[in-house]
Structure formats: C-alpha cells, structure tokens
Amino acid sequence: MMLRESIEIEGGAVDLRAITDGDAASESAIPGADALVGFVEAALLEDEAAIAKARGHVREVLGAPALVDAAGVIGNFERMVRIADGTGIPLDTVVNVGTATIRDELGIDAFAAAERTKIVTPVQRFLGQVTRPIFRRIMRTMARRRAD
C-alpha cells in the first residue's frame, strides 16, 4: 500500500499484476522484475531444481549482490508470515480496509492464510475509498517535508 502510494505521488503508474504475474513483471519499470518474480515463485513452491534455475537467472540478470538481497527478502517475508500464521495475527482493521482493493486485484484473499482476515463490509470499503485521497495528501506532505 505504501509503495503504491509513493510511486503514484511521484507521478508513476502502478501495475499490480507485476507482483504476481511474471509476464506482467517483465513489462514493469523494475529492472529484472520477471527474474525476481520467478525466484519468489520457485522458492514458495519449494522445488529445488526450479529454485536453482531461478537463482541462476537472477544472478545473470541482476548480479550476485542482488541475488543475495532477493534471497534475504524472501527469507524475511517467509519468517514474518510464519510468525503471523503461528500466532494467529490477523490484519488490523486499518490495514485490512486499506488493502482490500489490492487484495481483490491480486487474489490474495484466496490463500489459506487469509482465512483469519475479517471480511471488509461495504461501509468499510466505501470509507477506505473516501479516505484514500486524504491518505495520499498526507503522504505527499510527508514526502515534501522529507525533501526539504
């Protein structure tokens, strides 16, 4: 949510498909995005041969330091998800409402881990849409202050 807002504030366009679709990722402005998505997908499937191939592709496209960084990010996210799942931490209301549209677009709520996520009511969804411009304005103000 924060990354999307900061990209849009800076005048960029966000294509959320690039997060879950390797083909869409290759069309994004992120260098090596398709290689990174492929690495993540291979890691999550726990297929050693696919992981080795994807790891080699990331090294070839982005270099060894980026491969190390990507592996670290994947490991950190896996750790956080396992802790949240293990302790039963649901999304808090603000994040749940604020990310409802993104989760819909990406199909994230179809994952088993989303079973503890509360359903966003139509009223909450409406409030989320109404408050998004306010949130964006706050983000712009913060960005300007940080730049000064």
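Biologist: Which residues of H4 meet which residues of H5?
Modeller: In this predicted model, the H4 side of the contact consists of Ala35, Leu36, Gly38, Phe39, Ala42 and Ala43. They meet Ala50, Ile51, Ala54, Arg55, His57, Val58, Val61 and Leu62 of H5.

Biologist: How do those residues divide into nonpolar, polar and charged?
Modeller: The contact of H4 with H5 has 11 nonpolar residues, two polar and one charged.

Biologist: And at what angle do the axes of H4 and H5 cross?
Modeller: They cross at roughly 160° and come within 8 Å. Helix H5 covers residues 48–62. Angles over 145 degrees count as roughly antiparallel, and H4 and H5 are therefore roughly antiparallel to each other.

Biologist: Is that crossing left-handed or right-handed?
Modeller: The crossing of H4 and H5 is left-handed.

Biologist: Now H4 and H6. What is the angle there, and how far apart are the axes?
Modeller: H4 and H6 pack at about 45°, and their axes are 11 Å apart. That angle makes H4 oblique to H6. The crossing of H4 and H6 is right-handed.

Biologist: Which residues meet in that contact?
Modeller: From H4 there are Leu36, Phe39, Val40, Ala43 and Leu44, and from H6 there are Leu67, Ala70, Ala71, Ile74 and Glu78. The residues of this contact divide into nine nonpolar, no polar and one charged.

Biologist: Glu78 is on that list. Which side chain does Glu78 meet in a salt bridge?
Modeller: The partner of Glu78 is Arg82, with an N to O distance of 3.4 Å. Arg82 and Glu78 are separated by about one helical turn, because they lie four residues apart in helix H6, which spans residues 64–87.

Biologist: How many salt bridges does the count come to?
Modeller: The count comes to three salt bridges. Among them is the pair of Arg125 and Asp104, whose closest N and O atoms are 2.8 Å apart. This pair links distant parts of the chain, with Arg125 in helix H9 and Asp104 in helix H8, 21 residues apart.

Biologist: What is the accessibility of Arg125 and of Asp104?
Modeller: Arg125 counts as partly exposed at 28% relative accessibility. Asp104 also counts as partly exposed, at 45%.

Biologist: Which residue forms a salt bridge with Asp109?
Modeller: Asp109 pairs with Arg103, and the closest N and O atoms are 2.8 Å apart. Arg103 is buried, with a relative accessible area of 7%, whereas Asp109 counts as partly exposed at 36% relative accessibility.

Biologist: Which residues is Asn96 in contact with, neighbours within four places in sequence aside?
Modeller: Asn96 is in contact with Leu91, Arg103, Thr117, Lys118 and Val120.

Biologist: Where is Asn96 found, and is the residue buried or exposed?
Modeller: Asn96 is found in helix H7, which covers residues 93–98. Asn96 counts as buried, at 5% relative accessibility; the cut-off for buried is under 20%.

Biologist: Turning to the glycines, where is Gly107 found?
Modeller: Gly107 is in the loop between helix H8 (100–106) and helix H9 (122–147). Gly107 is partly exposed, with a relative accessible area of 31%.

Biologist: How far apart in space are Gly107 and Pro122?
Modeller: Their C-alpha atoms are 18 Å apart, and the two residues are 15 residues apart in sequence.

Biologist: And Gly32, where is that found?
Modeller: Gly32 is in the loop between helix H3 (22–26) and helix H4 (33–45).

Biologist: Why does Gly32 count as buried?
Modeller: Gly32 counts as buried because its relative accessibility is 14%.

Biologist: What is Gly32 in contact with, leaving aside neighbours within four places in sequence?
Modeller: Gly32 is in contact with Val61 and Leu62. Val61 and Leu62 are also among the H5 residues that meet H4.

Biologist: What separation do the C-alpha atoms of Gly32 and Ala13 have?
Modeller: Those atoms are separated by 18 Å, and the residues are 19 apart along the chain.

Key
Residues numbered from 1 in each chain as written. Predicted model: local features only at pLDDT ≥ 70, side-chain atom pairs only at ≥ 80, totals over all residues. Heavy atoms only, no water. Helix = DSSP H or I, 4+ residues; strand = E, 2+ residues; numbered from the N terminus. Buried < 20%, exposed > 50% of the residue type's maximum accessible area, 1.4 Å probe, protein only. Contact = heavy atoms within 4.5 Å. Salt bridge = Lys/Arg side-chain N within 4 Å of Asp/Glu carboxyl O. Axes fitted to C-alpha atoms, helices over the stretch in contact; angles between N-to-C directions. Parallel < 35°, antiparallel > 145°, perpendicular 65-115°, else oblique. Left-handed = near helix turned anticlockwise from the far one by under 90°. Nonpolar A, V, L, I, M, F, W, Y, C, P; charged D, E, K, R; others polar.
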